[in-house]
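Subject: Structure handover

Hi,

Here is the structure you are taking over. Please open it first, then read the notes below it.

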Amino acid sequence: MKNQHKLNRLMTSMLLAGSLGATFGTYAQQSSETSEAAAKDVEVIEVKGFRGSLSRALFEKRQTVNNKETIMSEDVGKFPDLNLTESLQRVTGVAISREGGEGRQVTLRGLSPSYTRTTLNGMEVPGSSDGTDSGGGINTGRGFDFNIFASELFNRIDIQKAPTASMEEGGIAGTVDLYSAKPFDKPGLQVVASGQGGYNDVTGEVDPRLAFMISNTFADDTVGVLFSLAQSDRTVRQEGFGTVRWTTPELNGRGAYVENPDLVVNGATPANSNCQIDGATVSPVNCLWTPRLPRPDFFGNEQDRLGFTGSIQWRPTDDLELTFDTLHSTLDNNRTMYNFFEQFRNTFQNITPISVTVADNGKQVLAGTFDGMNSRIESRQQISTTEFSQFVLSGKYMISDQLVLDAMVGNAKSDARSEQYRYNMTSIDSHRFSFDFSNNPNAPVTTYGYDVNNPSNYNLTDGRLRAGDTVRDNTTAKLDLTYELEDMTIKTGLALNDREVNYYESEIKDFPDQASATGFATDFPYSDFGTGFDGTLNSFIVADFGAIQSQLLDTMNGGNGIEWSVRIGSSWVVQEETTALYLEANKEFYLGDMVLRANAGGRYVDTTTTSTGYLPIAGNVDTVKISSSYDNFLPALNLALDATDDIVLRFGASKSMTRPSLNSLNPGNPSFDYINGTVSSGNPNLEAMVSTNLDLGFEWYFAEESLVAVNFFDKEIDNEIERENETKLVDAAYYPFINADDQYEPGISENPFENPFDHSIPLNQATKAVSGFEAVYQQPLSFLPAPFNGLGILANYTFVEPELNEQGEGITGLSENSYNFTLYYEQENYGGRISMNKRDDYITDFSGSNGNVEHGTTGPTHVDVSAFYNLNENLTFTLEVINLTDEHERLYTTGDGTLNLMREYNHTGTTIFFGARYTM
């Protein structure tokens with residue numbers, strides 16, 4: 001059935017592409033003949049700036065056989081956007097996720113970031129950073145964090161949507177290839193310096209952004225050296241309101257509200273008139289959805305990003321070229337988080353509802369007043385740093401006119417550490433609390449029945465002081481041979497990879513709780529907190545980190561201060577070694593006036609993983625090390641038919657793979673239930689997910705620098721990983737842990753040495769499918785009369801449809817529709833553009849907690865502006881406006897599956913950069 005479904009979609013795609021080809025074929029042929037005749041009398045003018053980068057990218061796209069998109073720098077050291085993901089989002093099929101107002105990861109063709117492989121200068125790149133908003137957390141998965149790098153360090157990005165056999169495996173969605181600048185890219189002396197100041201209307205701060213590059217070639221352009229540097233500061237204040245999901249007393253499972261015969265119920269009639277808890281009928285308000293932890297939120301970040309690249313190239317003969325590239329980057333972030341929440345969570349049985357207004361849907365509390373509430377102020381300080389370094393040595397040697405050898409060896413390392421100091425100040429006495437979402441479903445009016453800014457009303461407890469470290473180390477070696485025959489090119493090669501991820505946690509134990517927060521609290525650090533929320537956000541006191549440090553932490557351990565101890569059970573190491581061989585052929589076939597360009601081949605790859613976990617046993621640590629291996633064969637066929645001088649038809653059929661997230665291979669820290677015979681753990685025996693891919697494209701280059709294109713794609717993924725239950729014998733590696741576990745009682749417990757246990761583990765047993773199409777229109781409107789002939793348009797649309805599983809669930813992170821539109825205007829000395837990016841709502845979790853069926857994110861609409869003015873050929877003034885409309889971020893839950901209940905709603909404001917750029 002699935003294969004038939006896929007065949008139907010493919011046939012529909014082929015028919016549509018054929019219809020398009022027939023429709024435009026005649027016109028395109030006439031257009032081509034007219035263009036050729038006119039070209040003889042037209043002076044060739046070099047196109048620069050944003051339009052020039054689009055033109056060069058379009059040329060690259062047309063020449064390739066597989067489906068590929070390219071983003072080019074506008075000039076040396078001048079990428080089109082301040083953030084790499086904000087350039088990527090203009091590519092068809094790409095959607096981005098932002099954190100703290102800045103792009104962090106990319107979603108390609110509806111699949112999550114872990115399905116996209118990222119390379120830098122030819123080798124897979126590891127990269128983890130800490131979160132900057134309510135998402136939080138160090139990235140320990142395969143998805144790459146693009147915010148580690150400044151865009152000024154790069155001059156090109158390729159987005160490979162259809163694989164070839166010579167392309168390294170790892171990205172089912174596709175591969176993003178990053179390239180830093182090299183001296184042979186533009187021979188001679190090149191010097192570029194730029195400086196910008198960015199003003200944000202929420203922080204009121206001006207942040208600097210600086211970049212410098214110098215490059216030169218010597219000895220008749222046979223030796224080249226390049227150095228570039230980029231530094232930026234960024235201050236972020238993300239402010240808003242949150243609920244940390246919604247729930248009901250019925251779903252919470254701790255009992256009903258305190259019964260109140262005088263309860264006033266307004267609004268709609270509750271939908272569930274037969275509300276029951278533990279078999280007893282209770283008031284219908286106990287089945288109404290209520291915010292668990294309604295709270296004003298604040299996330300503040302002070303970031304410092306520094307990066308530099310170096311490149312040395314040497315061409316000792318016409319046949320040999322050697323290149324050494326290095327890139328180093330650091331991202332430091334000092335993050336403060338404050339929230340002040342009332343606690344419905346797990347305390348409904350202590351709360352008395354006084355009045356409740358039911359929303360029109362009959363399922364939700366729109367407004368209410370409650371007695372018996374307790375509040376808590378949570379303050380966190382998070383100090384994070386990410387250090388990245390890469391060294392790559394590559395060479396190209398023409399052994400003969402027909403045989404070319406390419407070789408590369410490189411190492412990349414990423415070290416991310418995050419220290420978190422979290423303190424809770426909980427109200428000592430219960431009180432009255434009211435909220436009202438009537439005027440704003442995202443930010444309620446709140447009132448409190450006590451002085452929220454008096455420290456004596458709170459204690460100071462539950463100091464959670466933890467740190468997480470993620471160290472990634474990748475070593476790659478590749479060898480490629482290209483043999484040019486008279487009518488065919490054959491390519492073969494070998495690739496070796498050794499990747500290791502080392503994750504460990506540490507903590508500071510025995511925080512000294514305080515009966516009163518007096519002396520350890522301070523006023524909210526910003527007097528203008530909540531600007532833009534019409535006064536619905538109330539400021540509150542917060543923990544005084546300095547006072548806690550000097551009076552409590554520094555006095556711990558007999559006055560010696562804090563000591564970090566490793567949480568060994570939460571630590572793990574995974575090593576992954578791969579060996580790949582491939583064979584690929586490229587050939588052109590001449591079919592009358594048409595040319596068929598063909599690429600075909602296969603890639604064999606062997607993967608061996610060694611997963612190490614740690615088991616605390618009676619004060620000691622036992623190491624669990626489990627190895628696993630698997631292999632895959634990945635064929636690929638790509639065809640590009642130059643039907644006319646202006647029309648290209650593309651077809652691709654391939655298999656691709658994505659390996660499991662390394663953190664899911666952790667064999668340590670199992671959770672055993674010996675009475676019921678169950679165990680929950682990671683799974684070091686996971687194998688790669690494999691996708692069967694079909695691509696079909698129609699491209700019409702109807703004018704210079706212009707394109708209308710439609711691409712259809714279909715992916716069916718086997719071996720998809722989901723957490724499931726599997727009954728099997730317990731791995732012998734766990735036997736020492738079981739023997740030392742006090743919970744295991746021989747003769748009473750199930751025998752884990754002989755009897756199968758039910759394992760809750762991630763397994764390769766699911767399938768998923770996704771299909772869709774991409775449409776793009778690009779054209780400079782140079783045919784318009786002056787001064788409008790400087791206008792140009794870049795627009796695209798992507799539709800993605802997942803195949804639902806038996807539970808009716810699709811794919812997390814997938815927006816069915818996404819749009820991009822850019823209108824630009826450029827003349828020789830000035831120009832500008834405005835870009836709009838929009839995506840649909842998307843689900844982030846199909847197994848929501850606290851009774852919620854799903855968690856989701858409201859699809860944002862982002863508008864950015866860029867402009868420049870060339871004072872002379874060396875000096876340019878620039879303007880960048882990020883998030884022009886101050887788009888708010890909104891997370892939600894679906895409650896019983898039919899609702900849209902705000903989970904987080906906040907904003908970071910609009911940022912305006914003014915700057916100058918000097919070149920020589």
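Which hand does the disulfide of Cys275 and Cys287 have? It is right-handed, because the torsion about its S-S bond is about 90°.

Before the rest, some ground rules. This is a predicted model, in which local features need pLDDT of at least 70 and side-chain atom pairs count only at pLDDT 80 or more, while totals for chains, interfaces and linings use all residues. Residues are numbered from 1 along each chain as its sequence is written, and side-chain values use heavy atoms, with hydrogens and water left out.

**The disulfide**

A disulfide is a covalent bond between the sulfur atoms of two cysteines. The search counts a pair of cysteine sulfur atoms within 2.5 Å. Across the whole structure it finds one disulfide. Cys275 and Cys287 are joined, with S to S at 2.0 Å. The pair links distant parts of the chain, 12 residues apart. Cys275 sits in the loop between strands S12 (264–267) and S13 (276–277). Cys287 sits in the loop between strands S14 (280–281) and S15 (290–291). Strands here are DSSP runs (E, at least two residues), numbered from the N terminus.

Cys275 counts as buried because its relative accessibility is 0%. Cys287 counts as buried too, at 10%. Buried means under 20% relative accessible area, exposed over 50%, and partly exposed in between (1.4 Å probe, protein chains only).

**Paired strands**

Two strands pair if DSSP finds at least two bridges between them. Strand S45 (residues 889–893) has four of its five residues buried, so it is largely enclosed by the rest of the structure. S45 pairs with strand S42 (residues 855–857) in the antiparallel sense, over three bridges. There, Thr857 stands opposite Leu891. S45 also pairs with strand S46 (residues 901–907), antiparallel, over five bridges. Here Arg890 stands opposite Tyr905.

**A nonpolar patch**

Which residues make the nonpolar surface patch of about 750 Å²? Among them are Leu189, Phe212, Leu306 and Met920. Patch residues have over 30% relative accessible area and no salt bridge, and nonpolar side chains (Val, Leu, Ile, Met, Phe, Trp, Tyr) are joined within 5 Å, like charges within 9 Å. A salt bridge is a side-chain nitrogen of Lys or Arg within 4 Å of a carboxyl oxygen of Asp or Glu. Accessible areas come from the Shrake-Rupley method with a 1.4 Å probe; for residues, only the protein chains shown count as cover.

Strands S9 (206–218), S10 (223–242) and S16 (295–317) each supply at least two patch residues. Leu306 lies in S16. Leu306 counts as partly exposed, because its relative accessibility is 36%.

Best wishes
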